[in-house]
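Reader: I would like to go through this model one feature at a time. Please give the general idea before each case.

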Amino acid sequence: MDSNMSLGTISNFTTITESPIIGANQTEFDLWAVQMVSSFYLYYTPMLVFLGVIGNLVSIYVFYISKLRLQSTSQYLSALALSDTVFLLQLTPPWLSATQITGIFHRGGFCQVFVYISYVSCCLSAWLVVSFTLERFVAVIYPLRRNAVCTVARARYVIISIVLASLILNIPVLRFAVPSHNDCNIDREYLDHAARFNLVDTIVSFTIPLAGIVILNSWIMFGVWRLERTRRRLMKAERPRGRRRARCTRLLACQRAQQRVTRMLLIVSSVFVILNLPAYTFRVLAYAYDLNTDEIGGRWTALQQLSVMFFHTNFAINFMLYCLTGQNFRRALVQSVPWLRRRPCLANALRDDAVLPPRTGSLSMYTVCSS
């Protein structure tokens with residue numbers, strides 16, 4: 001990394017170089033902090049890539065094999081998992097260079113392609129999160145329009161549009177990036193153009209998506225609270241009987257299924273904001289104060305590298321979030337994976353031997369309500 005270049009113009013904070021440059025006025029603590037974070041990066045990255053790719057591929061498999069494929073939300077989550085997988089895979093060449101296994105990241109052609117892929121996948125993932133958050137906003141705030149707006153065909157159209165826009169908008173990166181001896185950097189002839197492009201990229205890939213997600217999530221949470229309050233009032237005011245009571249029970253089951261989906265997507269989008277915010281903050285500070293690598297201490301370099309690792313984690317954590325917060329995803333996962341399917345059968349057999357009443361539950365009710 002050239003020490004005369006501004007941190008705001010170097011990259012979109014998607015890679016960590018093997019020998020980060022810190023300021024001259026450094027202390028022993030600064031050196032120790034940078035060394036510790038760099039060592040942690042060398043072990044953390046391969047584990048993150050391995051587990052994240054497996055989790056994302058399993059998510060894609062579940063969304064397309066199970067009944068969840070009938071939902072428009074699953075289209076966005078599948079595309080998000082694919083985009084996240086691409087991003088994680090492009091982390092491998094910089095890591096191989098940092099460990100001095102191979103210098104493919106510093107070669108002409110490879111350098112430009114890997115940086116381009118990182119920009120495209122970052123932009124794509126951000127706007128996919130915005131898209132399914134916006135769809136959930138429509139489903140919660142305007143429930144009568146949900147069936148007309150939240151369709152699989154519309155979701156696929158939106159995904160294709162976002163992919164094409166991300167591919168086209170990030171084409172300049174192919175010209176700005178050039179390989180160097182131990183890094184993939186910016187061509188000095190286009191430094192001013194790259195700075196302007198990076199500013200636009202920060203607004204498009206970070207500022208607008210993060211602000212939009214925060215606003216939409218706040219509105220969604222308010223809408224869920226309002227619907228829940230209205231439902232409780234109606235249940236207290238009226239106590240239906242007979243067929244009317246059965247109908248109300250089915251409607252409540254549908255509402256609860258929608259609330260489970262809403263809760264899962266709220267958590268996914270909120271975690272996206274939390275993990276992106278540190279890297280975005282460092283990027284804004286670099287622009288605001290025009291910081292150079294010579295002007296910052298080792299502890300700030302270490303914090304910037306930690307923010308990068310938080311940013312990377314965002315692309316590998318969604319499968320775990322689905323499993324922890326998505327009851328319908330867990331059911332679909334058990335139904336889609338054969339060896340997991342045998343475990344409920346064994347549990348049922350043991351339960352029958354103990355002469356216990358069978359547990360009632362149906363996935364078809366959820367499928368009808370949330371399709």
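**Reading the features**

Author: Helix α3 is mostly covered, with 16 of its 19 residues buried. Helices (H or I, at least four residues) and strands (E, at least two) are DSSP runs, numbered from the N terminus. Buried means under 20% relative accessible area, exposed over 50%, and partly exposed in between, with a 1.4 Å probe and protein chains only. This is a predicted model, in which local features need pLDDT of at least 70 and side-chain atom pairs count only at pLDDT 80 or more, while totals for chains, interfaces and linings use all residues. Residues are numbered from 1 along each chain as its sequence is written, and side-chain values use heavy atoms, with hydrogens and water left out.

Reader: How many disulfides does a search of the whole structure find?

Author: A disulfide is a pair of cysteine sulfur atoms within 2.5 Å. The search finds one. Cysteine 111 is joined to cysteine 184, with an S to S distance of 1.7 Å. The link is right-handed, with 75 degrees about the S-S bond. It connects distant parts of the chain: cysteine 111 is in helix α5 (residues 110–141) and cysteine 184 in strand β2 (residues 184–186), 73 residues apart.

Reader: Are cysteine 111 and cysteine 184 buried or exposed?

Author: Cysteine 111 has 0% relative accessibility and so counts as buried. Cysteine 184 is buried as well, at 12%.

Reader: How many salt bridges does the structure hold?

Author: A salt bridge is a side-chain nitrogen of Lys or Arg within 4 Å of a carboxyl oxygen of Asp or Glu. The structure holds one. Aspartate 201 forms it with arginine 283, and the closest N and O atoms are 3.0 Å apart. The pair links distant parts of the chain, aspartate 201 in helix α9 and arginine 283 in helix α10, 82 residues apart. Aspartate 201 is buried, with a relative accessible area of 6%, and arginine 283 is buried at 0%.

Reader: What else is found in helix α10?

Author: Threonine 281 is found in helix α10 (residues 242–289). Its relative accessible area is 35%, so threonine 281 is partly exposed. Threonine 281 and glutamine 304 are 23 residues apart in sequence, and their C-alpha atoms are 9.5 Å apart in space.

Reader: How many aromatic pairs does the structure hold?

Author: Rings of Phe, Tyr and Trp (its six-membered ring) pair if their centres lie within 6.5 Å; planes under 30 degrees apart count as stacked, over 60 as edge-to-face and the rest as tilted. The structure holds 18 such pairs. One of them, phenylalanine 63 with tyrosine 322, is edge-to-face, at 5.6 Å centre to centre and 75 degrees between the planes. Phenylalanine 63 lies in helix α2 (residues 28–65) and tyrosine 322 in helix α12 (residues 318–325), so this pair links distant parts of the chain, 259 residues apart. Both phenylalanine 63 and tyrosine 322 are buried. Phenylalanine 176 and phenylalanine 197 also form an edge-to-face pair, at 5.8 Å centre to centre and 65 degrees between the planes. Phenylalanine 176 is in helix α8 and phenylalanine 197 in helix α9 (residues 191–237), so the pair ties together parts that are 21 residues apart in sequence. Phenylalanine 176 is buried at 12%, and phenylalanine 197 at 14%.

Reader: Which rings are linked into a cluster?

Author: Ring pairs link Phe87, Phe206, Tyr280, Phe311 and Phe315.

Reader: Which residues make the nonpolar surface patch?

Author: Patches are made of residues with over 30% relative accessible area and no salt bridge; like charges are joined within 9 Å, and nonpolar side chains (Val, Leu, Ile, Met, Phe, Trp, Tyr) within 5 Å. Accessible areas come from the Shrake-Rupley method with a 1.4 Å probe, and for residues only the protein chains shown count as cover. Here Ile160, Leu164, Leu167, Ile168, Ile171 and Leu174 make a patch of about 540 Å². Helix α7 (residues 152–169) gives the largest share, four residues. Isoleucine 171 is in the loop between α7 and α8 (173–176), and is partly exposed at 44%.
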